[in-house]
Each structure stands twice: as C-alpha cells, then as structure tokens.
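Let's walk through this model together, one question at a time. Keep the viewer open and follow along as we go.

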Amino acid sequence: MRIKVFTLFPEMLRPMLGASILGRAIAAGLLQVELIDIRDYTLDKHRSTDDYPFGGGAGMVMAAQPVIDAIAANTPEGFHGRRVYLSPRGRTLNQKIVEELAREDELMLLCGHYEGVDQRALDSVIDEELSIGDYVLTGGELGALVVIDSVARLVPGVLGSDESSEDESFTTGLLEYPQYTRPADFRGMQVPEVLLGGNHADITAWRREQSLDLTLKRRPELLETAPLTDADRDMLARLRRAREVEAATPGLERLDLLAADRFPRAWFCAFVPEANRKAAKKQCFSGRRHVGYLWQAFSMGFMPDFAEGEDARTAWQEGFAEPYLLYLPGARLLYRVRGQIELPEGCCLLADAALTRTLVHTGRPGKGPYFARSGKV
Ligand SMILES: C[S@@+](CC[C@H](N)C(=O)[O-])C[C@H]1O[C@@H](n2cnc3c(N)ncnc32)[C@H](O)[C@@H]1O
C-alpha cells in the first residue's frame with residue numbers, strides 16, 4: 001500500500017509514522033508513506049500558500065495553485081487510487097470505509113488548514129471528502145493519520161499474529177467485549193471467572209453476550225446491520241428484557257446469561273462457597289410448618305411478605321443475609337440483589353443447594369411467594 005500525504009506541516013505526521021506498529025510496517029516495506037510539503041510548490045515569492053477568502057469572512061483559505069501543482073508533480077503518470085480530502089464536510093469514516101480504502105493500491109490524502117482549501121483545487125484533484133467525526137480540527141493532518149493507521153492495520157503482515165484485526169469492534173458489526181490480562185485479581189477486582197476456566201465454548205458465548213450487551217447499550221443502531229444468528233437474537237431479546245427490568249428496578253446486579261442458563265441446576269451450588277454452606281443453611285418455616293432449608297444467599301427482605309407465622313419471620317430476619325438471588329424465568333435472567341427492592345413482574349426466587357425446594361415469587365400483587373417442590377417454575 002502506497003500513501004501520499006499532501007500537507008503544509010509534514011513534521012506533524014513524522015513522529016507517528018516512525019513509532020510502534022506503523023513504524024515497523026514502514027520499515028519492513030509493507031507500507032510506503034510519502035509526505036509532500038505543499039509549500040515547496042508555491043509560485044509566490046514569499047512562499048505563502050493561503051489568501052483571504054473572496055466574499056469576506058474570518059480566516060485564510062489555502063490557494064488552489066500550490067495544491068494542484070504539488071499533486072501534479074508527485075503523480076506524473078496519473079494516479080490510480082483514491083484521492084481523499086480530509087474535511088469535516090465529508091462522509092464520516094467508519095470501518096467499512098476503512099476496508100474500502102485498504103483495497104486500493106494507492107491513496108492520496110490532502111490535509112487542509114486554516115479555513116480549508118479553494119474549491120477549485122478540490123474539484124480538480126479530489127475524488128471524495130472524508131471526515132473523522134463531527135467536530136472541527138485545526139488541520140487535516142490528524143485525520144490523515146487516523147486514515148493511515150486504520151488502513152494499515154488491514155494491510156496483510158502489518159499486524160503480528162498476536163494482533164489480529166478479525167475480532168475487533170466494528171469488524172464483527174458489534175462493539176468488542178471487555179478484555180482482561182494478568183493478574184486475575186488486581187486489588188480485589190476479579191477477572192470474570194469464565195475467562196479463567198479454559199472452556200472455549202463458554203468463553204465464546206460469554207464474549208458474544210458482552211459484545212451484544214455493550215452494543216445494545218452504547219450503539220444500538222449497529223444491531224440493525226450486524227450479521228446476527230438465531231442464538232444472537234435470543235440473547236438480544238433477553239438483554240432487552242434485562243434493560244427494562246433494570247430500568248424499573250434499581251439495585252439489581254445482573255449475572256451473565258451463561259450463569260442464568262446453568263441456574264438453577266449446577267450454578268447455585270457454586271454461588272455459596274463450600275465453607276459457608278453449613279453456616280448458611282437455615283431452617284425455614286411456612287407458618288408453623290417446617291418446609292426445608294434455604295441458603296443465606298436469600299435476603300430477609302421478602303420474608304415478612306411471605307411468612308405467615310412469627311417464628312418464620314424471626315427465623316428469616318435473624319438468619320438470612322444479603323445478597324440473594326432473583327431469577328426471571330421468562331427471559332431467563334439471574335440477578336444478585338442487595339437490599340430490599342420492589343419485585344419485578346414475573347420474577348421468582350430459587351433456593352436450596354440441592355434444589356429440592358424452590359421459593360417462588362410470582363411478582364404479582366396479592367400472589368405472594370410460596371414454595372415449590374422442584375427447581376421448575
Ligand atoms: C479549521 S478546519 C476548516 C473547517 C471548514 N472551514 C469548515 O467549516 O468545514 C481546517 C482543516 O482541518 C481539517 N479538518 C477539520 N476537521 C476535520 C474533521 N472532522 N475531519 C477531517 N478533517 C478535518 C480539514 O482538512 C480542514 O480543511
């Protein structure tokens with residue numbers, strides 16, 4: 001890939017082009033970037049390249065002559081790639097456009113300065129205007145660097161094998177999942193357990209969920225064009241429901257869908273650490289009837305609503321601590337909850353490590369929690 005950059009300030013670009021991945025790619029000959037100083041082509045005896053705008057107004061305009069002559073002198077056999085002017089008026093750069101540009105053999109980038117470039121130069125030597133975002137820079141040099149950097153990553157060989165460009169934000173049509181590196185425990189902040197387990201199917205599912213969730217939250221419009229599988233659509237429906245529930249019920253800490261899918265079967269056992277299980281196990285009553293055991297993971301918050309007898313109420317209030325788990329069977333969502341909350345519509349709570357007993361809450365007024373005999377709700 002050959003890139004010619006036309007600028008009044010080549011020194012602005014040099015440091016970036018000499019460092020890191022770009023520097024290595026250029027040294028290895030995978031990328032050729034030529035910086036052409038437009039000022040070298042001015043015919044003005046003071047070497048000036050700009051003048052006042054016709055019609056008045058603030059600032060200066062880059063004159064057509066040096067721009068056109070600089071480009072002509074540096075493309076003696078014509079130019080067979082894309083000729084781009086960096087400009088806030090242009091199409092906004094995105095990964096799709098970057099991919100288009102990377103397919104060209106040659107690129108020409110014209111950097112404006114001051115109030116921009118005389119329109120006659122643009123009409124003569126430019127194929128398209130590209131913007132790097134809806135804001136105004138002092139010059140096109142940063143924009144040119146953004147184009148060079150994003151295109152270079154797609155040139156074969158520029159990224160090492162451990163710097164793949166395939167799984168990035170936008171390449172998949174979605175935003176990328178969160179990344180972590182060692183240590184697994186940094187000042188008490190843990191890496192999600194699934195990433196430490198070495199189960200590749202679980203890791204892939206977890207990352208996909210994180211990508212979908214982040215995209216839904218930050219850039220929902222990307223979901224309209226992203227290639228989605230049936231499994232993605234199912235995940236998205238659950239995540240959308242999760243957003244509704246969380247908006248209506250503050251204080252819920254969502255556990256990932258993988259965990260929710262494993263709950264109540266195996267996962268609940270893992271939630272209460274082995275050492276705590278004995279201590280956590282408490283007798284539970286419904287009225288005067290002994291109905292089994294619940295884990296400490298359940299809060300007393302619900303109990304007055306549920307218990308019929310004083311004994312039961314006391315047992316809960318003394319014995320059960322936060323956090324507790326809340327499960328929504330409809331969307332298959334699992335939450336860890338601290339403090340008392342208004343129960344979301346359709347929620348239920350599951351208990352008991354062996355899951356021989358399940359505490360069910362319908363979430364509907366007048367239909368209080370009750371115990372069911374199995375984990376099925
Ligand atoms: C101060 S700007 C000129 C802005 C111009 N008067 C306008 O309102 O559209 C100077 C130069 O910076 C570059 N530039 C500014 N904002 C840019 C952006 N968002 N994307 C790409 N280039 C930009 C262009 O090359 C432009 O000619």
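What follows is a set of questions and answers about this structure.

This is a predicted model, in which local features need pLDDT of at least 70, side-chain atom pairs count only at pLDDT 80 or more, and totals for chains, interfaces and linings use all residues. Residues are numbered from 1 along each chain as its sequence is written.

Q: What average pLDDT does the protein chain have?
A: pLDDT is the predictor's confidence in each residue, from 0 to 100. In the protein chain, 72% of the residues score at least 70. The average pLDDT is 80.

Q: Over which residues does pLDDT stay under 50, with 93 contacts beyond four places in sequence?
A: Two residues are in contact if their C-beta atoms, placed from the backbone, lie within 7 Å. Where pLDDT is low, the predicted coordinates should not be read in detail. The stretch with those 93 contacts is residues 265-321. Another stretch with pLDDT below 50, which has 71 contacts beyond near neighbours in sequence, is residues 350-377.

Q: How many helices and strands does the protein chain have?
A: Helices (H or I, at least four residues) and strands (E, at least two) are DSSP runs, numbered from the N terminus. The secondary structure comes to 13 helices and 16 strands.

Q: Which strand gives the most to the shell around the ligand?
A: A residue is near a molecule or strand if its C-beta atom, placed from the backbone, lies within 6 Å of it. There are 19 residues around the ligand, and L86, G112, L137, G140 and G143 come nearest. The strand that gives the most, with four residues, is β5 (residues 82-92).

Q: How many nonpolar, polar and charged residues are in the shell around the ligand?
A: Ala, Val, Leu, Ile, Met, Phe, Trp, Tyr, Cys and Pro count as nonpolar, Asp, Glu, Lys and Arg as charged, and the others, Gly among them, as polar. By class, the shell has seven nonpolar, ten polar and two charged residues.

Q: Why is α6 largely enclosed by the rest of the structure, and how many of its residues are buried?
A: A residue is buried if 20 or more other C-beta atoms lie within 10 Å of its own, exposed if 12 or fewer, and partly exposed in between, with C-beta atoms placed from the backbone. The buried residues of α6 include E141, A144 and V151. Helix α6 is largely enclosed because the count of buried residues is nine of the twelve.

Q: What is the distance between the end C-alpha atoms of α6?
A: The expected span of a helix is 1.5 Å times one less than its number of residues. For the twelve residues of α6 (residues 141-152), that should be 16 Å. The computed distance agrees, at 16 Å.

Q: Which residues does A144 touch, not counting residues up to four places away in sequence?
A: A144 is one of the buried residues of α6. With those close sequence positions left out, A144 touches V5, L13, L86, L109 and C111.

Q: Which helices do the buried residues of α7 pack against?
A: Helix α7 (residues 200-218) reaches 27 Å from its first C-alpha to its last. Its buried residues are W206, E209, S211, L212, D213 and T215. They pack against α8 (230-248) and α9 (257-262).

Q: Which residue does a cis peptide bond join to R182?
A: Most residues other than glycine have a negative phi, and most peptide bonds are trans. Here omega is about 0 degrees.

Q: Is R187 buried or exposed?
A: R187 has a positive phi of about 50 degrees although it is not a glycine. This residue is found in the loop between β8 and β9 (189-190). With 5 other C-beta atoms within 10 Å, R187 is exposed.

Q: Where is R332 found?
A: R332 also has a positive phi, of about 55 degrees, although it is not a glycine. R332 is partly exposed, with 16 other C-beta atoms within 10 Å. Its place is the loop between β13 (324-328) and β14 (333-337).
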